[in-house]
Amino acid sequence: MTRLRVTEDHEWLRMDSADTGTVGITSYAQEQLGDIVYVELPEVGRKLRQGEAAAIVESVKAAAECKAPVAGTVLEVNASLAEEPGKVNQEPTGAGWFFKLKLDDPKQVEALLEEAAYQAKIAK
């Protein structure tokens, strides 16, 4: 079963293996932003600290940062977002993913919210 972990800032992390994960923004975040028109992704090989701005998301309403939910090195980016940034609106936790990370410390994942706790938080 694939479980998402979520930050307080609405980024999600799905573990792909013991030390790699995929990152994107939540459905709630993309709803708040509105129609996404541009996504600037980090460079492959970039080292990210936990909480560091990793990507920029621009919508018709605003621009927002996507921060690294955990520390790690960027392994891959979703290059298709350059041509189709709307994938983030259509499938924020699927085809709209941003980048894949090799985690520096997989234990950092434990500090992120489980999906049910995140859903309860945004329902307030």
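## A tour of the sheet and its salt bridges

Select Val6 and Trp12: Val6 stands opposite Trp12 in β2. The model is predicted, so local features require pLDDT of at least 70 and side-chain atom pairs pLDDT 80 or more, whereas totals for chains, interfaces and linings use all residues. Residues are numbered from 1 along each chain as its sequence is written, and side-chain values use heavy atoms, with hydrogens and water left out.

**The hairpins**

Strands here are DSSP runs of E with at least two residues, numbered from the N terminus; two strands pair if DSSP finds at least two bridges between them. β1 and β2 form a hairpin with four residues between them. In its turn, select His10, which has a positive phi of about 75°.

Continue to β2 (residues 11-15) and β3 (residues 20-25), which run antiparallel and are joined by five bridges. These strands also form a hairpin with four residues between them. Met15 stands opposite Gly21 in β3. Colour β2 by accessibility: the strand is mostly covered, with four of its five residues buried. Buried means under 20% relative accessible area, exposed over 50%, and partly exposed in between (1.4 Å probe, protein chains only).

Now display the seven strands of the open sheet, in the order β5-β8-β9-β3-β2-β1-β10, with antiparallel pairing. At its edges are β5 and β10 (113-114), each of which pairs on one side only.

**Lys100 and its surroundings**

Select Lys100 and Asp16, which form a salt bridge with the closest N and O atoms 3.8 Å apart. Lys100 lies in strand β9 (residues 99-103) and Asp16 in the loop between β2 and β3, so the pair ties together parts that are 84 residues apart in sequence. A salt bridge is a side-chain nitrogen of Lys or Arg within 4 Å of a carboxyl oxygen of Asp or Glu. Lys100 counts as partly exposed at 22% relative accessibility, and Asp16 counts as partly exposed at 40%.

**Glu52 and Arg46**

Move to Glu52, in the loop between β5 (47-48) and β6 (53-59). Glu52 forms a salt bridge with Arg46, and the closest N and O atoms are 3.1 Å apart. Glu52 is buried, with a relative accessible area of 17%, whereas Arg46 is partly exposed at 28%. Leaving aside neighbours within four places in sequence, show the residues in contact with Glu52 (heavy atoms within 4.5 Å): Arg46, Lys47, Cys66, Lys67 and Ala68.

**Further salt bridges**

Next, select Lys87 and Glu84, whose side chains meet in a salt bridge (3.8 Å, N to O). Lys87 is buried, with a relative accessible area of 18%, while Glu84 counts as partly exposed at 43% relative accessibility.

Finish with Arg3, Arg5 and Glu114, which are linked in a network of salt bridges. A search of the whole structure finds ten salt bridges.
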